[in-house]
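Student: Could we go through this fold together, strand by strand? I would like to start with the pairing.

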Amino acid sequence: MEGRASIRYLYACVKDCPGIQTTNMSESFDSAWPNFWNQRYASGETPWTLHAVPAAVRSFVKRRQRRGTTVLIPGCGTDLEVLQFFQTAGFEVTAIDFSRVAVAQARKALGNFDGQIICGDFFKFDFQNRFDLIYERTFLCALHPRRWPKYAKRVAQLLQPRGRLAGIFFYGQEADPPPYPLSQARAAEVFDNTSG
Ligand SMILES: C[S@@+](CC[C@H](N)C(=O)[O-])C[C@H]1O[C@@H](n2cnc3c(N)ncnc32)[C@H](O)[C@@H]1O
């Protein structure tokens, strides 16, 4: 019964977010594809979800808060508390995730949220504008490290000239990635080479 319920739910989400097509089974095992994430959100297996605003984010925003500041939240998933927090703090929020299930869950849970929650690929979506701030939590570590240079270039492309990337990044060890952990050395390598 549980399986049927999640299939029905997935179907409802597909209707809600028709821009991305369904994918085959092998894509369910590769975190580069939306299906990998769709399955986890549909079954509620989302151990990364914090259900809270990290203290570091609260103090970062307190120091920089300015009404009308634009923030992009890539790989937002169902980080509802953070989406709400940025909006309440006066930011113009744009969030994006390529999991249609996550986007449908977030839209439903947030109701009449003023910001935009886009169902799309961070690397391909045409945002039409640049942002003052890009905030992410556990998005980079969801990507294979070979994509990190592309991530850094994309972030640089989407930020205003004096814009900033702020995030909660995963450092440490992981025997069975994702998540793919970052290190100080790798961070310097990836982010210091965004112009090439
Ligand atoms: C580990 S989850 C983190 C979710 C959220 N930031 C949080 O803290 O709860 C990573 C998220 O990145 C999304 N994602 C992965 N690759 C993506 C891409 N290319 N474009 C948009 N979203 C992507 C996944 O669908 C998933 O929701």
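**Sheet and ligand shell**

Tutor: In this predicted model, Val71 stands opposite Leu133 in β4. Strands β1 and β4 (residues 131–137) run parallel and are joined by two bridges.

Student: And how many bridges join β1 to β2?

Tutor: Five bridges connect β1 with β2 (residues 92–97), and these strands are also parallel. Within that pairing, Ile73 has Ala95 of β2 as its bridge partner.

Student: Is β1 mostly covered or uncovered?

Tutor: Strand β1 (residues 70–74) is mostly covered, with four of its five residues buried.

Student: In what order do the strands of the sheet come?

Tutor: The order is β3-β2-β1-β4-β5, in an open sheet of five strands with parallel pairing. At the edges are β3 (116–119) and β5 (159–168), each of which pairs on one side only. From one strand to the next, the twist averages 20°.

Student: Which helix packs on the sheet and touches β1, β4 and β5?

Tutor: That is helix α6 (residues 148–158), whose direction makes about 130° with that of β5. Helix α5 (residues 100–110) lies across β2 and β3, at about 160° to β3.

Student: Changing topic: which residues come nearest to the ligand?

Tutor: Of the 20 residues around the ligand, the nearest are Trp37, Gly75, Gly77, Ser99 and Phe122. The shell comprises eleven nonpolar, five polar and four charged residues.

Terms used. Residues are numbered from 1 along each chain as its sequence is written. This is a predicted model: local features need pLDDT of at least 70, side-chain atom pairs count only at pLDDT 80 or more; totals for chains, interfaces and linings use all residues. A residue is near a molecule or strand if its C-beta atom, placed from the backbone, lies within 6 Å of it. Ala, Val, Leu, Ile, Met, Phe, Trp, Tyr, Cys and Pro count as nonpolar, Asp, Glu, Lys and Arg as charged, and the others, Gly among them, as polar. A residue is buried if 20 or more other C-beta atoms lie within 10 Å of its own, exposed if 12 or fewer, and partly exposed in between; C-beta atoms are placed from the backbone. Two strands pair if DSSP finds at least two bridges between them. Axes are lines fitted to C-alpha atoms, for helices over the stretch in contact, and angles run from 0 to 180 degrees between N-to-C directions. Two residues are in contact if their C-beta atoms, placed from the backbone, lie within 7 Å.
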